[in-house]
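Here is a short tour to read alongside the structure. Keep the 3D view open and follow the headings in turn.

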Amino acid sequence: TARAGQGGKPFGSVTSKEIAVEIESKFGETVDKKKIMLESEIKSFGTFTAEVKLHPGVTAKVYITVSEE
């Protein structure tokens, strides 16, 4: 979840560091923020995709849902 700023958009953007923290809290797996590859900056509410490089040659596609607090 993200706080809404003016115009109903998130206050700032969602970073790979925030995504790494959420992955650890939800799944108990530590992921280096540098291994999270976003397709584009997340500056609005909705569902987005990213790739997480887990090991050499192994990537996972994750879906990120950003909703208003």
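The notes below cover the sheet, the helix, the core and one threonine.

## The sheet and its helix

Please keep in mind that this is a predicted model. Three strands make up an open, antiparallel sheet, in the order β1-β2-β3. β1 (36–38) and β3 sit at the edges, each pairing on one side only. From one strand to the next, the twist averages 30°.

β1 and β2 run antiparallel and are joined by three bridges.

## The nonpolar core

The largest nonpolar core has 13 residues, and those touching the most other members are I19, I23, I36, I42, I64 and V66. At least two residues of this core come from each of α1 (16–27), β2 (46–55) and β3 (58–66).

Leaving aside residues up to four places away in sequence, I64 touches I19, L38, I42, G46, T47, F48 and A50.

## A threonine in β2

Is T49 buried or exposed? T49 lies in strand β2, and its relative accessibility is 17%, below the 20% cut-off, so T49 counts as buried.

The T49 side chain makes a polar contact with the side chain of E39, at 2.9 Å. Beyond residues up to four places away in sequence, T49 touches E39, K61, V62 and Y63.

Technical notes: Residues are numbered from 1 along each chain as its sequence is written. This is a predicted model: local features need pLDDT of at least 70, side-chain atom pairs count only at pLDDT 80 or more; totals for chains, interfaces and linings use all residues. Side-chain values use heavy atoms; hydrogens and water are left out. A nonpolar core is a set of buried Ala, Val, Leu, Ile, Met, Phe, Trp, Tyr and Cys residues joined through side-chain atoms within 4.5 Å. Buried means under 20% relative accessible area, exposed over 50%, partly exposed in between (1.4 Å probe, protein chains only). Helices (H or I, at least four residues) and strands (E, at least two) are DSSP runs, numbered from the N terminus. Contact means heavy atoms within 4.5 Å. Two strands pair if DSSP finds at least two bridges between them. Axes are lines fitted to C-alpha atoms, for helices over the stretch in contact, and angles run from 0 to 180 degrees between N-to-C directions. A polar contact is a pair of N or O atoms within 3.5 Å; within protein, one must be able to donate a hydrogen and the other to accept it, and residues adjacent in sequence count only if both atoms are side-chain atoms.
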